[in-house]
Amino acid sequence: MVTKVDLCGIELENPVIPASGTFGFGYEFAELYDINLLGTFSFKGTTKEPRFGNPTPRIAECTAGMINAVGLQNPGVEKVISEELPKLKKCFNKPVMANVSGFSVDEYAYTCEKLDKEEQVGWLEVNVSCPNVHGGGMSFGTDPSAAAEVTRAVKAVTTKPIILKLSPNVTNIVEIAKACEDAGANGISLINTMLGMRIDLRRRKPVIANVMGGFSGPAIFPIAVRMVYQVAQAVNIPVIGMGGVSSADDVIEMMLAGATAVEIGAANLVDPFVCKKIVESLPEAMAKYGINDLNEIIGGAHNG
Amino acid sequence: MNQGVMKIIGNKKIADRTYCMTLEGDTSAITKPGQFVNIQLEGFFLRRPISVCDCEDGKLTIIYKVVGNGTQKMSEMAIGEKLDVLSGLGNGYDTAKSGDSPVLIGGGVGVPPMYMLCKKLISEGKNVKVILGFNCESEIFGVDEFKSLGAEVFVATVDGSVGTKGFVTDVLNDLDYTYFYTCGPMLMFTAIERVAKTSGQYSFEERMGCGFGACMGCSCKTKYGNKRICKDGPVLEREEIIW
């Protein structure tokens, strides 16, 4: 049975990738299981400067999901390179996906250029879709020309594959994906969280200090499948599908929608072993649906 | 940290909206008082973080207050039902710093973790005083249990129905102690911070995503840098806290 896939010229042993912001810099999960069994993982969103993020509460529960408004807390690119990556090196021997965010085109380019030089980094996942920061992240991913501008600027200073991570909080995600492809993106990942909100009935105030946040979890899975299906048919570069994926069956569904690889986010937070379980149960799920090679099913639901 | 299925062997009401649940299973990851467990409930996406009240020989005791739909569901669960539990979470209290006669201050549902801490300190030969703060008589629990451990117990109620009328600090002001440990509401913390005469440790509460350090949902700033309440806490030392 073949679970190997090719993601922008780099082979993944399997398509299972813990999503950014749910797996830290990996080494803490390595205390729980051997993280080398993963395809790879996308590390915590990194910015040029260190960030504490938003005030708490940052988390709200929802039916079949959760809202977070962490706000890109990270130690900044210098410390990621000098402290986090060396710690990761001790427990992970595969190329890692570097997730990058910024507040200006120059910041994206600066941070990506730095991380591109790190030999541990295999891909740069450029997050133009964080809903939790003002004047950054999502504001670049909701406009095709701004997304293209970030793509061009990052592409100009990097050598490794760049994957643009897109927001679902748009009217036409296909248009934005195509703009990124035209500007030189090597891949597209989607979907980031959906903008959501909860209100505390007793306090009559928003649960989250930042008022709104990113909604993720199984509740958004059908929306993610739909958007992956639309984007994968419109572009000629690999697509990473994510949004509410929690099982091997969900991985297969995402791949049928057109995903070459699949990221798992919120599920990691309720079951720290979920990605290990998915990797280990994938062959059984493939057998159940008569799949010998995962590559045969990528986009299998298209032209239905 | 350990993930395992635990069986409910007890779940009874012990005070107003307050329940004591005992669970049977692998408790090997729980090594210090002040740690917590994170419980998965059917029909709820996120787990419920609950402090450990007591733990020995594969038996875990937690005391929780019904404050929302999740804890309501827990209160309705029957003996024999099973729960998926992440255990051994958080740093826990450090008893090495207590000196000879520490005081433990628990407010409301902040009382439970004081029990295992009290047990540990007494086993280390320390002379332990415990102050328990509640709003009123119907909320009180644990007094006899702390006495049985050999601690000197003081109760304060806001309405004066039992013990000292007022707050835990009204008792604390008149005591001599070498160190303090506390868990309870933020208002109680700020009152303690104003009057405490020694160093001490506070256990904080925050809305959590994962409970094991992955999501950065419960971060706070301290004098020693950013910390995650779930992983680097919930216990912080007085000296590092930024109020």
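I looked up the handedness of the crossing of H1(A) and H2(A) and noted it as right-handed. The model is predicted, so I take every entry here as a reading of predicted coordinates. Helix H1 covers residues 77-89 of chain A and helix H2 covers residues 105-116. Their axes come within 10 Å and cross at roughly 25°.

From H1(A) they are Val77(A), Glu78(A), Val80(A), Ile81(A) and Leu85(A). On the H2(A) side I found Tyr110(A), Thr111(A), Lys114(A) and Leu115(A). By class, the residues of this contact are six nonpolar, one polar and two charged.

I then followed H2(A) to helix H4, residues 144-156 of chain A. The two pack at an angle of about 35°, and their axes are 8 Å apart. I recorded this crossing, too, as right-handed. H2(A) contributes Val105(A), Tyr108(A), Ala109(A) and Cys112(A) to the contact. H4(A) contributes Glu149(A), Val150(A), Ala153(A) and Val154(A). I sorted the contact of H2(A) with H4(A) into seven nonpolar residues, no polar ones and one charged.

Helix H5 of chain A spans residues 173-182, and its axis is 9 Å from that of H6(A). I read a packing angle of about 40° for this pair, which means that H5(A) is oblique to H6(A). The crossing of H5(A) and H6(A) is right-handed. For H5(A) I wrote down Ile173(A), Val174(A), Ala177(A), Lys178(A) and Glu181(A) as contact residues. For H6(A) the entries are Met227(A), Gln230(A), Val231(A) and Ala234(A). The classes in the contact of H5(A) with H6(A) are six nonpolar, one polar and two charged.

**Sheet of chain A**

I traced an open sheet of seven strands in chain A, in the order E3-E15-E14-E9-E8-E7-E6, with parallel pairing. Its edge strands are E3 (16-18) and E6 (96-100), each of which pairs on one side only. The twist from one strand to the next averages 25°.

Within this sheet I checked E14(A), residues 239-242, against E15(A), residues 261-264. The two run parallel and are joined by three bridges. At Gly241(A) I found Val262(A) of E15(A) standing opposite.

H6(A) turned up again here. This helix, residues 221-234, lies across strand E9 (187-190) and E14 of chain A. It runs at about 170° to E14(A).

**Sheet of chain B**

In chain B I looked up an open sheet of seven strands with the order E11-E10-E9-E8-E12-E13-E16 and mixed pairing. Strand E11 (164-165) and strand E16 (235-237) are its edges, each pairing on one side only.

I followed the pair E9(B) and E10(B), residues 129-134 and 152-157. Six bridges join these strands, and they run parallel. Phe134(B) stands opposite Thr157(B) in E10(B).

Helix H5 of chain B, residues 186-195, packs on the sheet. I noted that it touches strand E8 (103-107), strand E12 (180-183) and strand E13 (200-203) of chain B. Its direction makes about 160° with that of E12(B).

**Backbone exceptions**

Most residues other than glycine have a negative phi, and most peptide bonds are trans. I looked for departures from this.

The peptide bond from Thr56(A) to Pro57(A) is cis, with omega near 0°. I placed Pro57(A) in the loop between E3 and strand E4 (59-62) of chain A.

In chain B I found a cis peptide bond joining Gly233(B) and Pro234(B), with omega about 10°. Pro234(B) lies in the loop between strand E15 (225-228) and E16 of chain B. E16(B) is also an edge strand of the sheet traced above.

Cys8(A) is not a glycine, yet I read a positive phi of about 55° for it. This residue lies in the loop between strand E1 (5-7) and strand E2 (10-12) of chain A.

**Confidence**

Last, I checked the scores. The mean pLDDT of chain B is 97, and 100% of its residues reach 70 or more. For the model I noted ipTM 0.93 and pTM 0.95.

Conventions:
Residues are numbered from 1 along each chain as its sequence is written. Chains are lettered from A and ligands numbered from 1 in the order in which they are written. This is a predicted model: local features need pLDDT of at least 70, side-chain atom pairs count only at pLDDT 80 or more; totals for chains, interfaces and linings use all residues. Side-chain values use heavy atoms; hydrogens and water are left out. Two strands pair if DSSP finds at least two bridges between them. Helices (H or I, at least four residues) and strands (E, at least two) are DSSP runs, numbered from the N terminus. Contact means heavy atoms within 4.5 Å. Axes are lines fitted to C-alpha atoms, for helices over the stretch in contact, and angles run from 0 to 180 degrees between N-to-C directions. pLDDT is the predictor's confidence in each residue, from 0 to 100. A crossing is left-handed if the near helix is turned anticlockwise from the far one by less than a right angle, and right-handed if clockwise. Ala, Val, Leu, Ile, Met, Phe, Trp, Tyr, Cys and Pro count as nonpolar, Asp, Glu, Lys and Arg as charged, and the others, Gly among them, as polar. Angles under 35 degrees count as roughly parallel, over 145 as roughly antiparallel, 65 to 115 as roughly perpendicular and the rest as oblique.
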